[in-house]
Amino acid sequence: LLAGVKPEETLTVEDSKSGATAGMRAGIPLIGYVGVYGEEDGKEKMDEMAEKLTKETKANVIMYDWKEFPECVKKIEAL
């Protein structure tokens, strides 16, 4: 419990497996951001990371572009 806030009352946006794993272990709802991989390594790597963050770290939502952030937050809130 950090400053009186429960993990389920927060969210985290992570673009790495290690960061996403930390969020998962803390019980914090997770948005997996994979857009950076598309910019640096192409669509194949972006799709690979989307699958990895979903399967291995239980990311609640995958975000491909920061324009999607408000909609991703709504999805987290609906959980």
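This is a predicted model: local features need pLDDT of at least 70, side-chain atom pairs count only at pLDDT 80 or more; totals for chains, interfaces and linings use all residues.
Begin with the entire chain in cartoon view. The protein contains 4 helices and 3 strands, and from the N terminus these elements follow the order β-α-β-α-α-β-α. Its radius of gyration is 12 Å, close to the 12 Å given by the globule rule for 79 residues, so the protein is as compact as a globular protein of that length. Along the principal axes, the C-alpha trace spans about 40 × 25 × 20 Å.

Next, display the surface. The accessible surface amounts to about 5,100 Å², and carbon and sulfur atoms contribute 53% of it. Of the 79 residues, 33% count as buried. Colouring by charge shows 11 positive and 16 negative side chains, with the centres of the two sets 5 Å apart.

Now turn to the aromatic rings, among which the whole structure holds 2 pairs. Select Tyr33 and Trp66: this pair is tilted, with 5.2 Å from centre to centre and 40 degrees between the planes. The two residues lie 33 residues apart and link distant parts of the chain, Tyr33 in strand S2 (residues 30–33) and Trp66 in the loop between strand S3 (61–63) and helix H4 (69–77). Tyr33 counts as buried at 10% relative accessibility, whereas Trp66 is partly exposed, with a relative accessible area of 46%.

Phe69 counts as partly exposed at 29% relative accessibility.

Finally, show the three side chains together: Tyr33, Trp66 and Phe69 make up one aromatic cluster.

Note on methods
Residues are numbered from 1 along each chain as its sequence is written. Side-chain values use heavy atoms; hydrogens and water are left out. The radius of gyration is taken over C-alpha atoms; the globule rule is 2.2 Å times the number of residues to the power 0.38. Buried means under 20% relative accessible area, exposed over 50%, partly exposed in between (1.4 Å probe, protein chains only). Accessible areas come from the Shrake-Rupley method with a 1.4 Å probe; for residues, only the protein chains shown count as cover. Lys and Arg count as positive and Asp and Glu as negative; His and the chain ends are not counted. The place of a charge is taken as NZ of Lys, CZ of Arg, CG of Asp or CD of Glu. Rings of Phe, Tyr and Trp (its six-membered ring) pair if their centres lie within 6.5 Å; planes under 30 degrees apart count as stacked, over 60 as edge-to-face and the rest as tilted.
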